Amino acid sequence: MKKVHISFAILLLTAGWAILILAQKTSGQQSSTAKKAAATEPDRPLVLTETIPLEGAKGRFDHFASGGGRLFVSELGSNAVAVIETGGRTLAHTITDVPDPQGEAYSPEANKIFTASGRGKVYIFDGKSYDLITTVDFPGGADNMRYDAATKRVYVGCGNNEKTGAIGMIDAMTNQRLDEEYKLGGEPESFQLETSGPNIYVNLPDLKQIAVINRTTKAITKWPLTVEGNFPMALDEADHRLFVGTHQPPRMVVMDTTSGRMIAALPSVQDTDDLYYDAAFKRIYMPGGEGFIYVFQMNDADRYTLLAKVPTAIGAKTAGHFGSPASTSRSGPRLPGKGFDRFYLAVPARGSEPAEIRIYTAQD
């Protein structure tokens, strides 16, 4: 009887080893299959490579600017401006006590930071010490800003109604508001400056229009839209295309700047507040508060397709896209730190998770 028990035990042990070996072999095959399947999946056009925590940031963010190896981020909910070293990818400084910061601009010639406030001022800070130099009044509030290096002017989207809505200007060297301004008949949102032409393109969501300002003739024309809530904007000056993000319905609209004609209107992410054109890859990046970055590919000037929906976080709708000079060439190796386009996304605090800036790298 004892011999039978021993024989039976040996049989069970042998069977167990056989099952274990078979399971390991099957598992290895499944793992190999999974790896092959993963390898065949298309790479995302934006890859999350790093995050920069912003421990003290509260509430939502607003618009960005860059310059001098730094990123300037409007911490609207904290009444502050975050200064991030893009090389070291660290929070270098926080400018506090800035009420309702809504937009940033930077002048490398003057080494000054310009912060638009919804309380009716533009705050001007020294780019080295971060001390406040002065403020410039803009009744009705200031929002989006753009810097023109050719004239050393800061263009300011200002006002909040049909009487005060305008594009105003500050001389970056003297800190003086210029008498010249362009009245628009409505509150401006995002706008873009031509660098090789005279035009400024301005979103007027309350009017469902795009205003076109000719800085040479001072004439203002307006293009009507069939969609509503046109807030963010980007410009492809070389191909004469203007990209506009709308809210009702959510669309990525393409306009021909030579005619004012709508070329395309593709379904897009909801609750967008920023929009960027990547000339190196011929792509449009649109972050939205619903928790995605929609990436559109320009096939040619008249044809566009949705390339990817990159998952992010709820409320992450403001961003900055800044490519290095080498990124304009698509030939040769793309080495880390050289020729890499960076896309920076502001993510508000979520529960116990602090706010952060997510850094994405663009790739083929």
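This is a predicted model: local features need pLDDT of at least 70, side-chain atom pairs count only at pLDDT 80 or more; totals for chains, interfaces and linings use all residues.
Ten aromatic pairs were counted in the structure. One of them joins Tyr285 and Phe343, whose ring centres lie 5.5 Å apart. Tyr285 belongs to strand S23, which covers residues 283-288, while Phe343 belongs to strand S27, which covers residues 341-347. The two residues are 58 positions apart in sequence, so their pairing ties together separate parts of the chain. Tyr285 and Phe343 are both buried.

Phe343 also pairs with Tyr360. Here the distance from centre to centre is 6.5 Å and the angle between the planes is 65°, which again gives an edge-to-face arrangement. Tyr360 is found in strand S28, residues 355-362, whereas Phe343 is in strand S27. This pair therefore ties together parts that are 17 residues apart in sequence.

Residues under 20% relative accessible area are classed as buried. Phe343 has a relative accessibility of 0% and therefore counts as buried. Tyr360, with a relative accessible area of 2%, is buried as well.

Tyr285, Phe343 and Tyr360 are members of a cluster linked by ring pairs, which also includes Tyr276.

A contact of another kind involves a charged residue. Arg146 is placed over the face of Phe191, at a distance of 5.3 Å from the ring centre.

Definitions and conventions:
Residues are numbered from 1 along each chain as its sequence is written. Side-chain values use heavy atoms; hydrogens and water are left out. Rings of Phe, Tyr and Trp (its six-membered ring) pair if their centres lie within 6.5 Å; planes under 30 degrees apart count as stacked, over 60 as edge-to-face and the rest as tilted. Helices (H or I, at least four residues) and strands (E, at least two) are DSSP runs, numbered from the N terminus. Buried means under 20% relative accessible area, exposed over 50%, partly exposed in between (1.4 Å probe, protein chains only). A charge sits over a ring if NZ of Lys or CZ of Arg is within 6 Å of the ring centre and within 35 degrees of the ring normal.
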